[in-house]
Amino acid sequence: MLLDRRKFLNTLLGLGGIGGILSVFYPIFSFLIPPKTTEPKVNSVKAGLNAEFPPNSSKIIKFGRTPVILIKTEDNQYKALSASCTHLDCIVQYKNDTKQIWCACHNGTYDLNGRNISGPPPRPLEVYDVKVIKDEIVITKVG
Amino acid sequence: MGKRFYYFLLFAISVSFLFGFASTENKKTDKNPKVDQCYACHKEIENLPKDFLEIDVHRHANLMCSSCHGGDPNSSDQEIAMSPSKGFIGVPKRKDIPKFCGKCHSNIDFMRVYQPRIATDQVSQYYTSVHGKKLLTGDENVAECSSCHTAHSILPAKDPRSSVYALNVPNTCNKCHGNSTLMKKYNIPVNQFEEYSKSVHGIALLKNKDLGAPACNNCHGNHGATPPGVASVSHVCGTCHISNMEYFNATRMSKAFEEQDFHGCEQCHGNHGVQKPNDEMIGVGKESKCIDCHTNGDEGYTVSKKIYSSLIQLKNKYDTANAKYLEVKQKGMNDVEIGFQLQDAKQALIQSRTLIHTFDSTKVGTKAKEGVDFSNKASFLAQKEIDEYYTRRNGFAVATLAFLVFVIALYFKIKDKGKKVS
Amino acid sequence: MKNFGNKIISWIDERYDLSPIRNLLDHKKVPSHRHSVWYYMGGVTLFLFIVQLLTGILLLLYYRPGEDSAYESVRFIVTEVKFGWLIRNVHSWSANLLVFFAFVHMFSVFFSKAYKKPRELTWVTGFIILIFTLAFGFSGYLLPWNELAFFATKVGTDIVGVIPIIGGPLKIFLRGGEDVTGATLSRFFGIHVAILPAIFTVFLVFHLLFIQQQGMHEPDEFKNLPEEKKKYISFFPDFALKDLLLWVVVFNILIFLALYFPWELGNKAQAFASAPEGIRPEWYFMFMFQTLKLLPAHVLFLEGELLGVLFFGVAGFVWMLVPYIKVKHRPNWKIQPLTLAGILIVLFIVIMTIVGYLL
């Protein structure tokens with residue numbers, strides 16, 4: 001089996017060349033295809049549909065790295081606050097009987113404006129802005 | 001003669017007016033002399049009380065020495081100023097101090113001038129306390145008002161410089177309660193401060209300056225200081241640890257505790273030296289609190305075992321997920337979603353541990369399962385990121401191989417071309 | 001395959017004059033001697049610039065300038081976009097390698113005295129390209145809008161402000177206001193992706209045209225050889241293939257660096273926040289930064305910083321005009337004065353850079 005040196009080198013060159021070109025174009029091609037989450041989560045987060053959110057209830061939304069508690073009051077107003085208790089970082093909850101925000105860890109209480117009104121929490125909860133755009137609830141960081 | 005008389009009358013009227021003014025001036029100074037002669041004199045002879053502070057709250061409210069000690073603040077003559085006929089009391093006797101302070105502090109009509117909402121039950125509360133009761137029997141070694149509040153350097157409890165500011169309370173109580181000679185008479189141990197400062201509450205208050213943590217008075221009361229009775233312990237702890245208390249009070253265990261005269265929360269968690277609880281306190285292992293009463297074969301033993309296994313399963317899954325999360329972080333891959341799942345898992349873990357106080361293995365099990373699901377999700381996502389990390393490196397190896405093959409072939413091609421030319 | 005290629009070439013031939021290209025391919029020669037290896041440096045620099053252009057365009061598809069979106073879009077690219085991490089890190093690394101090779105290329109040209117007549121303008125355009133490359137680096141560095149970038153820009157533009165008379169207005173012009181804000185980001189983005197590439201391309205084209213017209217410089221010891229002893233290799237395909245080989249190797253190193261030493265995201269910049277400890281510029285500015293730091297606060301009646309800025313300004317200007325500087329040849333000097341100056345300058349840059357990182 002005579003291995004023609006020239007042919008051999010040319011084959012190697014071809015293989016290597018194609019491999020190299022693929023290694024460059026495959027990533028570029030994949031890069032150009034838009035990812036599933038088409039936009040970076042900038043300063044606002046979508047939190048579901050207004051119609052599907054019952055009044056006097058709450059849910060926890062992820063905002064970047066922070067958890068946010070979204071509350072719809074009895075008179076259909078929205079409030080969004082940081083859900084990290086300012087005492088020792090437990091996740092707070094909405095009590096729909098007293099209509100206050102409560103932390104189960106050490107019985108801290110906040111009002112619906114985030115003000116710490118009793119218990120250990122030293123600071124209020126950070127307030128987020130909530131808008132309803134075409135029935136979609138959108139939470140934005142303030143400032 | 002008429003003219004002279006007329007001028008004399010004019011003179012007398014003017015003078016009496018002047019005197020009139022002067023005397024009204026005096027009337028004012030009677031209530032508020034421009035110079036407090038007591039203070040002025042004692043300052044001059046450098047004989048102010050040892051604990052005298054200019055920022056003392058009473059001084060700040062423009063009260064004078066005489067407001068408490070009596071006497072005449074207008075006179076610079078000691079015999080007049082400090083005369084009992086002028087109401088001078090001097091240094092009150094120890095057992096009279098509560099009444100001495102109570103003269104004002106139990107009188108809402110007087111106190112509301114300075115603070116409309118101030119409490120005026122301190123003295124009556126004090127007499128219900130151990131300190132108060134003993135003082136009435138003539139024991140001069142117990143705490144009275146000035147023992148904690150000081151006499152002449154009193155500051156409001158909200159002022160960080162005050163001896164009764166939350167951060168300073170443990171040290172104030174310890175002044176007597178840490179003195180073994182003093183406490184030997186009453187058979188009270190003196191290790192509370194030491195235990196407390198090593199406890200989770202003590203570290204929170206004294207080291208981390210967390211004002212949310214309890215000092216002595218949060219559990220023992222302020223003026224009506226008494227060690228909490230058996231019935232009160234869970235309520236005392238429950239003011240902050242409300243979920244634990246509500247769960248516990250709804251169980252059969254709490255009734256059994258009452259019957260056995262157990263001290264509620266203190267039975268398992270201790271009092272002054274309370275530490276962060278660990279999972280080994282439940283279950284049937286060596287450090288378990290349950291086996292103090294329960295034995296192999298009884299219902300409690302089985303429940304304890306079940307609860308322990310639910311918790312440990314969750315703890316292990318959480319630890320695994322957390323370790324993966326840290327690995328993802330360290331490898332520089334995307335950890336945001338994993339962090340969220342882990343946060344939820346941690347929340348479930350905390351809640352499961354709180355649910356122990358229901359002594360219901362089903363409740364604990366259900367919550368623990370939630371936590372396990374979150375941990376599994378976190379682990380899954382983390383593993384994806386870790387796999388991606390290695391995939392990238394493998395992909396790079398393949399690309400490098402292709403380039404290497406190309407480069408080697410090209411090199412020889414070039415060499416060949418060079419040989420051909422020559 | 002070859003037939004098909006020939007067909008295309010004859011189609012173009014019938015319509016356009018391909019002789020300049022033919023000339024280049026058939027006749028362009030590159031001298032081959034002991035120091036030929038330095039001939040590749042310019043090509044590598046050019047290659048890295050092309051990589052920058054391509055990865056930059058790719059990044060442009062996802063990057064969003066603006067205080068509220070820049071950082072998040074970079075995070076998006078690096079975490080969500082397929083191979084976004086690769087494109088971004090290649091772009092960052094290629095920038096650094098580009099500056100490095102540009103300096104290597106410049107100093108190799110300096111020490112081989114290739115800037116001498118008739119190539120003075122090649123040198124001048126090259127120096128201008130270098131300055132633009134540094135400007136590319138400075139403007140691009142801010143775009144991820146993280147803390148490091150923010151403060152590096154703040155310090156850098158502060159130094160610009162020290163220049164007498166024009167410094168103040170120039171600083172405000174660069175910053176788009178008194179402070180570094182979102183306005184600065186918008187400006188730097190426009191400068192980085194539009195203004196600089198446009199002007200840079202003009203100078204680059206001139207630079208390359210001059211080289212094509214005049215061919216490679218031959219060092220004296222080569223020039224003085226008898227004709228038969230002069231070795232040349234043809235540009236196409238020999239030199240070109242060697243160029244290609246080197247480029248592939250450099251490319252491989254580039255993606256190795258991108259994968260194993262990725263650039264961090266950092267923390268999002270907060271305008272009006274206070275600077276963290278140990279702020280430093282990128283390494284290619286370090287030697288100037290360190291020099292400024294070492295100057296005393298006042299020298300005679302001048303502020304130390306001003307003196308430093310003026311010094312580098314004048315030094316740069318003189319360096320640009322090196323082809324026009326006539327230095328008498330000193331026969332008894334082992335190293336000629338200009339060469340010696342060059343060695344000292346290289347040492348100064350290297351030492352100051354190292355010191356900047358040690359301190």
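**A close look at helix packing**

Modeller: Let's start in chain C, where helix 6 and helix 7 lie oblique to each other, because their axes cross at roughly 135 degrees and only angles over 145 would count as roughly antiparallel. Keep in mind that this is a predicted model. Helix 6 of chain C covers residues 120-142, while helix 7 of chain C covers residues 147-160. Their axes come within 8 Å.

Now zoom in on the residues where these two helices meet. From helix 6 of chain C you have C:F138, C:Y141 and C:L142. Facing them from helix 7 of chain C are C:A149, C:A152, C:T153 and C:G156. Sorted by type, the residues of this contact come out as five nonpolar and two polar, with no charged ones.

Helix 6 of chain C also packs against helix 9 of chain C, which takes in residues 182-214. Here the axes are 9 Å apart and the angle is about 160 degrees, so helix 6 of chain C is roughly antiparallel to helix 9 of chain C. The crossing of these two helices is left-handed. Their contact has 18 nonpolar and eight polar residues, and again no charged ones.

Staying with chain C, let's see how it touches chain A. Chain C puts 15 residues into that contact, and chain A puts in twelve. On the chain C side, helix 4 (70-79) and helix 5 (84-111) are the elements that give two or more residues. Helix 4 of chain C has the largest share, with four residues. This time charged residues do turn up: the chain C side has five of them, along with seven nonpolar and three polar.

Chain A touches chain B as well, with 21 residues of chain A in contact with 22 of chain B. The chain B elements that give two or more residues are helix 17 (242-249), helix 21 (336-355) and helix 22 (361-421). Helix 22 of chain B makes the largest contribution, nine residues. By type, the chain B side divides into 14 nonpolar, seven polar and one charged.

That brings us to chain A itself, which is divided into domain 1 (1-33) and domain 2 (44-141). Their centres, taken over C-alpha atoms, are 57 Å apart.

Chain A also has some strands to look at. Strand 2 (residues 57-63) and strand 3 (residues 66-72) run antiparallel, joined by seven bridges.

Terms used. Residues are numbered from 1 along each chain as its sequence is written. Chains are lettered from A and ligands numbered from 1 in the order in which they are written. This is a predicted model: local features need pLDDT of at least 70, side-chain atom pairs count only at pLDDT 80 or more; totals for chains, interfaces and linings use all residues. Domain bounds come from an automatic or database domain assignment. Two residues are in contact if their C-beta atoms, placed from the backbone, lie within 7 Å. Ala, Val, Leu, Ile, Met, Phe, Trp, Tyr, Cys and Pro count as nonpolar, Asp, Glu, Lys and Arg as charged, and the others, Gly among them, as polar. Axes are lines fitted to C-alpha atoms, for helices over the stretch in contact, and angles run from 0 to 180 degrees between N-to-C directions. Angles under 35 degrees count as roughly parallel, over 145 as roughly antiparallel, 65 to 115 as roughly perpendicular and the rest as oblique. A crossing is left-handed if the near helix is turned anticlockwise from the far one by less than a right angle, and right-handed if clockwise. Two strands pair if DSSP finds at least two bridges between them.
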